Amino acid sequence: MAQIFREILFQEPNSIFIKVMIMMNLIFSAILGYSEGSGKQNLEYSKFWNLKSQEKAKIPSKIGMIIAYTPTLITCLSFFWIFPNGGIRFFMLNFAITIHLFKRLLEVLFVHKYSGSMAMNSAITISSSYFIAFSSLIYIQHLTKGSIEPIIDLKYFGFIVFLVGIIGNFYHHFILSKMRKKGESGYKIPKGGLFNLVICPHYLFEIVTFFGFSLISQTLFSFSSTIGTLFYLIGRSYATRKWYLSKFEDFPRNVKALIPFVF
């Protein structure tokens with residue numbers, strides 16, 4: 001196993017910063033995932049807005065999601081100027097992340113149909129998490145400059161995986177957007193695509209997207225970011241399935257939360 005890691009990972013600098021970020025990322029994501037799955041504390045947006053949110057500062061959902069993505073998108077765009085000679089792997093990683101965030105912002109503006117509010121603290125939490133995760137991912141990639149490249153080069157395969165993830169994620173977001181007709185504000189049981197197998201296929205493809213980032217980057221922190229994303233989305237998808245079961249008596253029991261036929 002150690003030999004496999006040596007072949008696919010950069011020999012990164014012995015940095016306290018990298019070690020601390022890896023541990024913080026995994027611990028914070030595990031706590032968030034547990035909080036979501038157990039129902040103790042859901043991030044208060046989308047269908048979970050009304051759980052414990054009535055007395056909290058709120059903003060329109062669309063504004064909240066713009067706050068969540070825009071600062072990190074601007075930061076990633078600035079990295080092209082800050083690190084102009086980062087090399088092909090650095091460029092591919094920053095380019096992929098920038099596309100991901102730009103797609104998210106376009107979806108907020110033109111695809112998703114919002115009807116509720118979002119807790120301000122949830123918008124700040126999401127925005128901060130994206131900023132720290134992606135800024136660290138790109139900066140740590142910069143730190144590998146001059147390090148020995150992995151024996152197995154996965155960056156081009158990783159970009160293909162990233163494209164599969166981002167296309168699959170958009171496709172299922174588009175399906176969700178078409179379910180709510182003009183003037184409607186309620187929720188329906190999603191159908192079409194992988195919604196016939198799992199209630200959160202858009203989360204599944206989000207994980208694929210992050211796995212693509214990891215394969216492009218090939219740093220230990222990038223893989224820890226994917227594992228952290230997996231922790232959080234397992235909890236969020238479990239809570240989402242539980243919510244649908246509580247709201248719809250005809251919700252099909254064979255539809256899993258995140259992974260077809262498994263979970």
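A residue is called buried here when its relative accessible area is under 20%, exposed when that area is over 50%, and partly exposed in between, as judged with a 1.4 Å probe and the protein chains only. By that rule Glu36 is buried, at 1% relative accessibility. The structure is a predicted model, in which local features need pLDDT of at least 70 and side-chain atom pairs count only at pLDDT 80 or more, while totals for chains, interfaces and linings use all residues. Residues are numbered from 1 along each chain as its sequence is written, and side-chain values use heavy atoms, with hydrogens and water left out.

**Salt bridges**

- A salt bridge is taken as a side-chain nitrogen of Lys or Arg within 4 Å of a carboxyl oxygen of Asp or Glu, and by this rule the count comes to six salt bridges.
- One of them joins Arg236 to Glu36, with 3.0 Å between the closest N and O atoms.
- That pair links distant parts of the chain, since Arg236 belongs to helix α8 and Glu36 to helix α2 (residues 16–38), 200 residues apart; helices are DSSP runs of H or I with at least four residues, strands are runs of E with at least two, and both are numbered from the N terminus.
- Arg236 is buried, with a relative accessible area of 1%.
- Another salt bridge joins Arg89 and Asp153, whose closest N and O atoms are 3.2 Å apart.
- This pair too links distant parts of the chain, with Arg89 in helix α4 (residues 88–110) and Asp153 in the loop between α5 and α6 (155–179), 64 residues apart.
- Arg89 counts as buried at 4% relative accessibility, whereas Asp153 counts as partly exposed at 40%.
- Asp153 also forms a salt bridge with Lys155, where the closest N and O atoms are 2.5 Å apart, and Lys155 is buried at 7% relative accessibility.
- Arg89, Asp153 and Lys155 are linked with Glu149 in a network of salt bridges.

**Around Gln218**

- Gln218 sits in the loop between α7 (201–217) and α8, and its relative accessible area of 0% makes it buried.
- The side chain of Gln218 makes a polar contact of 2.9 Å with that of Arg89; a polar contact is a pair of N or O atoms within 3.5 Å, of which, within protein, one must be able to donate a hydrogen and the other to accept it, and residues adjacent in sequence count only if both atoms are side-chain atoms.
- A polar atom of the Gln218 side chain also lies 2.8 Å from the backbone oxygen of Ile152.
- With neighbours within four places in sequence left aside, the residues in contact with Gln218 (heavy atoms within 4.5 Å) include Ile8, Phe10, Pro150, Asp153, Lys155 and Phe223.

- Helix α5 (residues 120–143) has 24 residues and reaches 34 Å from its first C-alpha to its last, close to the 34 Å expected at 1.5 Å a residue, where the expected span is 1.5 Å times one less than the number of residues.
- Among the buried residues of α5 are Ala123, Ile126, Tyr130, Phe134, Ser135 and Ile140.
- Thr75 is found in helix α3 (residues 61–82) and is buried, with a relative accessible area of 16%.
- Not counting residues up to four places away in sequence, Thr75 touches Phe131 and Ser135.
- Thr75 and Phe134 are 59 residues apart in sequence and 9.1 Å apart in space, C-alpha to C-alpha.
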